[in-house]
Amino acid sequence: MAQGINGPLVMVVLDGVGEVDRSLGNAERLAHMPFWHALKRTERFTTLRAHGTAVGLPSDGDMGNSEVGHNALGSGQIYDQGAKLVNDAIESGRIFAGETWNTAVRRVKEHKSTLHLIGLLSDGNVHSHIKHVFAMLDKAAKEGVTRARLHVLLDGRDVGGTTAQIYLQQLEDFLAERNKEGNDYRIASGGGRMVLTMDRYEADWSMVQRGWDHHVHGKGRVFPSALKALETFREETPGMIDQDLPGFVIGDESGPVGAINDGDSVFFFNFRGDRAIEISRAFDEGDDFTHIDRGTKPDVFYAGMMQYDGDLPSPNHYLVGPPNIKHTLTEFLVPEKVTQFAISETQKYGHVTYFWNGNRSGKVDATIETYQEIPSDTIPFDQRPWMKAAEITDALTAAIQSGQHRFLRVNYANGDMVGHTGNLDAAITGMSCLDLELRRLLTAVKKAGGVALITADHGNCDEMYEFDKKGQPVKDEDGHFKPKTSHTLSRVPFVLYDPSKQVKGELAQSKSLGIGQVAATVVEILGYSAPKQWLPSLLH
Ligand SMILES: O=C(O)[C@H](O)COP(=O)(O)O
Ligand SMILES: [Mn+2]
Ligand SMILES: [Mn+2]
């Protein structure tokens, strides 16, 4: 039996809370957080990289995100992630050489039917990248697919809040070029990503219902073009950010231009899984699937850009193999019989379970792992910025007091989910609430003779305004600071809370430290030596 600490170890992920030494637009600094701010001064503290190559993304210009962040936290290793794997597969041509691509194309040519591409239209590189869409359409055109339809989710969450016009225009220009060669390639439907299709963790299946109706059945408000739809929405609701825009269908005198029919092939071009699983299930599953009313389900060949869940598994067909994440922290702790507890609210539940365990939704050993989900609100989070932080703390505190679990992990969603709304005041409220929850939680940790580690998966609420390359805030035409809705490139905090001084050593301090080093730190505190595959512990 390993020595380690006497009480439990609690790992706290403050989702989307970067560590930035600037107050302007920084909800973490502007919030009333006396407990948290003092903790960073009085406890052992360092900061970690959580973006770019430190989490397996193609470049250091890529902001971090929950998937790659929790994969790194939960595995102690850095794997090439979806964004990079798809880039590589396109560059080498591998993506188009396999059975999936060729089946889809063959089917469309044989049936003289339509190739559909559905997904998030931006260059955010969190769920998708528009250049992958262009590469797929280029190849399809070269291989003689003459009819294609695009179903585009508008972003405004991983990119600037009101940038949809840029990506729609890029796509329209690209399609116009392909159409000069005699093809019939068009946008067929779309809408804001937080309204249609991209629900996650079964928080709100009605989003998938709306997506299905628009993309598959061509049912929705009809416009002559996507740019016209956007222009209309902008006039009708000035200031609405792209992720919240309603659905649209492109149609003409003879009806929708791109409903999905028997014999068609459909690719979902997002590489990230959480928000791709539900729509994939709607396409893949048989008659016992009842989460949405699919009406008459067309007989199509459906494939995802990647395998989204290795345990379900989903989808049935995919273009690029996912990162093969092995030797995870859970896999290390289970044979040692270390009892584990994971908790979050719906919006982040899969982050501390599925992403944490290398994109697998099942448990390694249900007899020693307990998961608890607190249902999230389903209204915009700037209207409920406290989210379910209090309920999570209640449940986590009870789990600590039960004495049943040696390693507990939690994700508090506020910094991220409220951060994505671009509403600074709401983000400040959300963060201020977290201060109370951290105080309550750490009181329970102290009582139980335990230790807590507090960190984040990436930044978000630390920059609620856009800043230019020189670090100056960007202003809109009216002189207001421009709200930022996406993640940031910021480092993240790492606090070692050890009230009874059980953990020996100091935390490393260096620019190169990353969140991939947390797993080794966890097992060291629990009294084990980390596996050789992992990045080194932060303790020395
Ligand atoms: O899916 C989302 O909400 C955003 O694209 C990324 O946020 P997350 O990586 O924090 O989940
Ligand atoms: Mn996150
Ligand atoms: Mn986020």
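User: How far does a polar side-chain atom of Lys348 lie from an oxygen atom of ligand 1?

Analyst: Happy to start there: the distance is 3.2 Å. This is a predicted model, in which local features need pLDDT of at least 70 and side-chain atom pairs count only at pLDDT 80 or more, while totals for chains, interfaces and linings use all residues. Residues are numbered from 1 along each chain as written, chains are lettered from A and ligands numbered from 1 in written order, and side-chain values use heavy atoms, leaving out hydrogens and water.

User: Which residues are the closest to ligand 1?

Analyst: For surroundings, a residue counts if one of its heavy atoms lies within 4 Å of the molecule. Here 17 residues surround ligand 1, and the closest are Ser66, His127, Asp158, Arg272 and Arg275. An N or O atom in the Ser66 side chain is 2.5 Å from an oxygen atom of the ligand, and a polar side-chain atom of His487 is 3.1 Å from an oxygen atom of ligand 1. The protein covers 100% of the 310 Å² of accessible area that ligand 1 has on its own, areas being computed by the Shrake-Rupley method with a 1.4 Å probe.

User: Is Ser66 buried or exposed?

Analyst: Buried means under 20% relative accessible area, exposed over 50%, and partly exposed in between, with a 1.4 Å probe and protein chains only. Ser66 is buried because its relative accessible area is 2%. The unreviewed UniProt entry places the feature "active site" at Ser66; such annotations may be inferred rather than shown by experiment.

User: Which residues coordinate the manganese ion (ligand 2)?

Analyst: Donors are N, O and S atoms within 2.8 Å of the metal (3.2 Å for Na, K and Ca), and sites may look incomplete because water is not among the atoms. For the manganese ion (ligand 2), Asp15 (OD), Ser66 (OG), Asp457 (OD) and His458 (NE2) coordinate at 1.9 to 2.1 Å. Helices (H or I, at least four residues) and strands (E, at least two) are DSSP runs, numbered from the N terminus. Both Asp15 and Asp457 are buried.

User: How far is the manganese ion (ligand 2) from the manganese ion (ligand 3)?

Analyst: The two ions are 4.4 Å apart.

User: How many residues of helix H12 are buried?

Analyst: In helix H12 (residues 346-355), 10 of its 10 residues are buried, Lys348 and His351 among them.

Definitions and conventions. Polar contact = N/O pair within 3.5 Å; in protein donor to acceptor, adjacent residues only side chain to side chain.
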